[in-house]
Amino acid sequence: MAEPRFALSRAHRTAALGALTAGAVVAVGPLLLDTYMTNILIRALFLAAVVMTVDVLWGYTGVLTFGQSAFFGVGAYACALVFTHYGFGADWGLLALALGIGAAMTIALLTGWLAFFHGASPLYGSIITLALPIVLTQAIFSGGRFTGSSSGLSGFPTWYWPVEVYFWIAGGLLVAVTTLGWLLVRSDFGRVLVAIRENEERCAYLGVPVSRIKIALMMAAAAVAAAAGFGYAAFTNVVAPELAGFLLGTEFLIYTALGGRGTLLGPVLAGVGIDVTASWLSGQLPFLWKLMTGVAFIVVIVLLPRGLAPVFMALGRLIPGGPPEPPAALVAAPRRAGPGAETAAPPLRIEALTRSYGSLQVLKGVTMTGHASELLSVVGPNGVGKTTLMRCVSDGAERSGGTVEINGVALGRGAPQRATAMGVGRSFQNTSLFDSLTVAECLQLARMRVDGARLFHRRDEIRLPEPARDILRATGLDQKLAEETRNLSHGMKRGLELAMVLATEPSVLLLDEPTAGLTKAERGAIGAVLTRLTREFGLCIVLIEHDLDFVREISDRVVVLHQGAILMEGAVEEVVASDLVKAVYAGHGADRGAAA
Amino acid sequence: MSALLAIEGLSSGYGAAPVVRDVSLSVGAGEILAVLGKNGMGKSTLLKTLMGFVRPMGGTVRLDGAEVTGRAPHRMARSGVAHAPQEFTLFQDLTVAENLRLGVQTDALFHERMPDVAAAFPRMAERLRQRAGTLSGGEQKMLLMSRALIARPQVLLVDEISEGLQPTMVDRMAEAITAARRELGAAVLLVEQNVAFALAVADRFAVLKLGEVVEQGAAGDPAAAATLADHLKV
Amino acid sequence: MSILVLDILTTSAILFVVAAGLMVILGVMKLINFAHGAFLTVGGYAAFLTTSAGISPWLAAPLAGLFGFASGLVIERLIVRPLYDRPLDAILATWGLGIVIGQLITLAFGRGVQFADSPLTGVTSLLGPDYSAWRIAVSAIAIGVGLALTALLYFTRFGLNARAVIMNEALARGLGIDSVRVRAVTFGLGAGLACAAGALITPLLSVDPNMGLPWLVNSFMLVMVSGVSFPSLALAALAFGGAQVLVSTYVSPIVGGLTIVVLAALVLRVNPKGFARG
């Protein structure tokens, strides 16, 4: 199937069509295959549902998880334990299923809390998901007669339906879950997941609640895995600790990698195919097969990180798929009073701000105020603490001491999301954006904090405030909404970044060397935009710049930083003409606290 | 005097946009070329490109006639190029002695050349066992220069060594650099914002603006000094 | 010395020597080698083979170490080097390697448990009560290995180069250090250490194709908590190993097996840098 961007109803139409086709295949399947094959397939179908969740977590969101098998095992053991020790029947069955899913989601919540906090390294998160199945298998081992320990439980009462019925259940679950998954990754929310994978830090600064999303995703994935595990146990009538184990968890990763991470259908098909083949072979061959799968896995990771799916997708592109869908339309966002409107307090107030790394003091007590409708430039030689200052304003955990107040409210130790919610917008020195998202998708992402992101739909309009639309017009980006970010020129990327930051409706704009690498014409354009932002839209803009000509042209006030403290501040001409500042820039600052 | 270091049409940058644009310079053996310009104009990037840390987008670099464009940093170092960078200059947790040892390829060479270093910078000899991170800013610059010189380089790339130094220390640095020119016959590329220091030490100068060479001249020439002031006005 | 104290000391020493190989690779290459468990297993089978071939069991560890070093060099070149910029993928690739090694072992030796001769049999009352002689010997060897590695790191030129690469690879390269070669040798060293450790501990337990797995996870958690420093690793091994012994003795061995994993996860949640300085 080709890969153009589907709009709302078309995506739903395609999903329905796909689901119906797959459903038909599932319905007909057991009538065409022999009992042995059907048996193997049922297991594979249940497992493939879990593989799909791994792709959503890892392929799309970038969360490397070894632990989906743990939730699969929870569902399986819920079934076996309830039926073995308590009772059997439709009501017990429903209870067991509910227990399984509930327990899995609770464990997922705890795991997520442990693994996905702001500042956690992805490695740590992966290790927690690694520890999860290990802890669970050990718990099962220590359960004695209750859990069956290392032998597991078998022969418990279950529904002894004909094999076709189980095939339809397993197949039905897989089709339903995959269809929902497909709609999820195609939606606005799905693009947020990809953005998290590509540049998590930038997402945080756009106000995206990354940790909460990851935890919620993990819980949903746990629920699906538990349901699949429940079905698996009911069918096979046997549970063993291996179902919750680490080895199965990594097999899911292998299927995902081989099928093509981030394609959803690839891993599902790979999961079914590889598992069926492994079960179908007998004798020594299963070990050889596992060996080959392992080698293929290594080859794919090293040489083809995106698996085999892109090969098939490239072939699919040869089939004409109709005209591409038009991207979302830009509309005006309702003009709302920002957080700054209610209060008389200045948009930005920094007092006695310090930042030390061990014994190295980078910022030594900076006090300054940023007013509305003002463009304040922060200048100073390299390494003097300008970017650090900006970091301390946008991330409450950064500073070592002092206070930061946005619109009269203290930032405290808040994460970047909190600063963004309070009205801070920050651009970065390097333009690292989201390579595989289009301009339209980036803008929609930036609106998440204000407008939310639809789970199974894609909005066909992007609501942007006037300043953002201004920039898009000025840079010509409004003609390039369907362009992927990686194809934009450097100047356009800067413009897009600025538009995205403005889309979050900030009252304080922190810009870190916005003109770096721009041509003279582009500098002029940016300068005009920034001036308009302060004059017409009343923003407070704080600018770090090296280009003193640029500073002179557009600033209202200038602050000079030197060795972590404010050397001087005042009107542009006053500061620029000052001998002290000239001396500092020319390197004669020997008497101003120079090193001995 | 044929150029020991010949740079022709060199362009490089960190992303799509070039920060160094079509730069052509040459430095002969025993010659000091000062590279001047305001902040963010591409001076450090030029040195990093020469050292192999930034991949060139175009142009050539020749060392003593041989082409070395885009060679990896460790091979440039072994070819006799020493780099005294502006940031991440020393191993803060290693001692002065360990930092100096890392300036040469074998410990035998270190012991052989240490007396020369001690003569030029006696304070380094006194502090051999001290952790580099505990030295004062000026002492760290001294250590940086000692480490560059202990390698007896053919080409010395110096990035804003005078920044934040007291006048006496600045003089000491000037002495060390001119000694390198005299005793080693090294070609020195001196990136500086401190114009006075640069012109006092260098033979020639070049001005970089927005990544391009906009002016070149002899350091002693008063007419050149006048246009220089224009380019560097704050 | 009571048996409990001896248990704690020997367990810590064993954990230390098993984790050392993983830490060496993490420090220089900033990479988690998920084939570590498989290397341990290979070392264990090397000990088994040494026994079967009638060679002196004292040679098992050195032979395993050499084999590991050579294999490590090859593996680094083929699998690890291309993944320099993709650390999470490197974990997966080395994990895949571990699986492949496991399957090869299963095909060659079957899934059953094997035993290797111990170089020292019986008990000794050297340190008080009667205690497994080989266990004490392994602990002594572990301490020796720790000291030797520290000496390598702090008293040789290679060690100085390695420390430079650990601290700042770019700066090290600018000074002429071929960091690519340092990384390759380091991986070989880490793999060799893992194989040797596997050969050392097999006489105490047994060996089967999945033997290395729990050691991998425990080593990993210890290294995450300790950061890159031998003294720190020794401290972590002592603290967590001790906790494991105490829990195993007073609660249950199964819960004991989880102690390191759970404690380390909690410690890292509170302080992501663990015991490391700064």
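From the N terminus on, the elements of chain C follow the order α-α-α-α-β-β-α-α-α-α-α-α-α. This is a predicted model, in which local features need pLDDT of at least 70 and side-chain atom pairs count only at pLDDT 80 or more, while totals for chains, interfaces and linings use all residues. Residues are numbered from 1 along each chain as its sequence is written, and chains are lettered from A in the order in which they are written.

Me: Why is α2(C) called largely enclosed by the rest of the structure?

Reply: A residue is buried if 20 or more other C-beta atoms, placed from the backbone, lie within 10 Å of its own. In α2(C), 14 of the 18 residues are buried, so the helix is largely enclosed.

Me: Why does the span of helix α2 of chain C agree with its number of residues?

Reply: The expected span is 1.5 Å times one less than the number of residues. For the 18 residues of α2 (residues 36–53) of chain C this should be 26 Å, and the end C-alpha atoms are 26 Å apart, so the two agree.

Me: How many residues does each chain give to the contact?

Reply: Chain A gives 30 residues and chain C gives 32 residues, where contact requires C-beta atoms, placed from the backbone, within 7 Å. The largest share of the chain A side, eleven residues, comes from α5(A).

Technical notes: Contact = placed C-beta atoms within 7 Å. Helix = DSSP H or I, 4+ residues; strand = E, 2+ residues; numbered from the N terminus. Buried ≥ 20, exposed ≤ 12 C-beta atoms within 10 Å, placed from the backbone.
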